[in-house]
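Here is a short briefing for a first look at this structure. Please keep the sequence and the model open while reading.

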Amino acid sequence: MATAVLPQPVQNLINELARLPGIGPKSAARLTFFLLRDGSNQALELADALRDLKERTRFCSVCFNITENDPCQICDDDERDQELLCVVEEPLDMLALERSRAYNGRYHILHGAISPVEGIGPEDLKVDELIHRVQNGSFRELILATNPTLEGESTALYLKRILAGNDIRITGLARGLSVGGDLEYTDEITLGRALDGRSDL
Ligand SMILES: [Zn+2]
């Protein structure tokens with residue numbers, strides 16, 4: 001007697017969803033059957049959104065922000081302070097700083113933080129690109145705005161160590177941000193104050 005198996009397209013989607021962070025095989029199956037039974041076009045809209053995500057976005061070749069146009073809107077904006085560079089972990093942190101309206105310089109997105117526990121080293125982040133930018137740019141100040149977490153703090157210390165001696169002021173956000181919290185979840189007033197009150201690292 002043949003064993004009943006799922007049709008290949010169903011099994012394929014379960015397998016793909018199960019590879020995403022935070023989704024186990026059970027959730028993957030539940031989501032797959034939800035999309036299968038759903039009478040609307042949701043599955044096709046999701047497919048289009050996924051395709052657009054990969055085909056219509058890229059990293060900015062200057063700051064590594066996610067963008068539709070390269071260079072991104074911020075790198076392309078001559079009104080912004082060319083000598084101020086703010087280093088953040090993720091694009092969402094940059095958006096949080098933008099919402100605070102307290103910053104008018106450039107950004108550099110690392111795309112993560114150094115974490116020995118998760119096996120993430122400087123070579124997995126946009127660190128070489130940052131060194132290159134600092135050495136070849138004319139920045140007067142580098143603001144290390146990594147998250148107030150263990151990983152964020154060690155990343156800032158690491159960057160400070162390798163970038164010291166480049167004739168550039170290196171600062172960090174003022175304390176007062178909740179420890180362990182992410183910049184992206186910090187309200188704009190607190191973030192604005194942390195920026196205004198930044199000090200040498
Ligand atoms: Zn950019």
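The buried residues of helix H4 pack against strand S2 (66-67), S3, S4 and H7. Contact here asks for C-beta atoms, placed from the backbone, within 7 Å of each other. Helices (H or I, at least four residues) and strands (E, at least two) are DSSP runs, numbered from the N terminus. This is a predicted model: local features need pLDDT of at least 70, side-chain atom pairs count only at pLDDT 80 or more, and totals for chains, interfaces and linings use all residues. Residue numbers start from 1 along each chain as its sequence is written.

**Helix H4**
- Pro91, Asp93, Met94, Ala96 and Leu97 of H4 are buried. Buried asks for 20 or more other C-beta atoms within 10 Å of a residue's own, exposed for 12 or fewer, and partly exposed lies in between; C-beta atoms are placed from the backbone.
- H4 (residues 91-100) lies across S3 and S4, at about 130° to S3. Axes are lines fitted to C-alpha atoms, for helices over the stretch in contact, and angles run from 0 to 180 degrees between N-to-C directions.

**H4 and H7**
- The axes of H4 and helix H7 (residues 188-196) come within 8 Å and cross at roughly 90°. H4 is therefore roughly perpendicular to H7. Angles of 65 to 115 degrees count as roughly perpendicular, under 35 as roughly parallel, over 145 as roughly antiparallel and the rest as oblique.
- H4 brings Ala96, Leu97, Arg99 and Ser100 to the contact, and H7 brings Glu188, Leu191, Gly192 and Leu195.

**The sheet**
- Five strands make an open, mixed sheet in the order S4-S3-S5-S6-S7. Strands pair if DSSP finds at least two bridges between them.
- Strand S4 (106-109) and strand S7 (199-200) are the edges, each pairing on one side only.
- Strand S3 (residues 84-88) pairs with S4 in the parallel sense over four bridges. Leu85 has Arg106 of S4 as its bridge partner.
- Helix H6 (residues 150-163) packs on the sheet and touches S3, strand S5 (141-144) and strand S6 (169-172).

- Most residues other than glycine have a negative phi, and most peptide bonds are trans.
- Asp70 and Pro71 are joined by a cis peptide bond, with omega about 0°. Pro71 sits in the loop between S2 and S3.
- Phe64 has a positive phi, near 70°. Phe64 is buried, with 21 other C-beta atoms within 10 Å.
- His111 has a positive phi, near 65°. His111 is partly exposed, with 16 other C-beta atoms within 10 Å.

Terms used. Contact = placed C-beta atoms within 7 Å.
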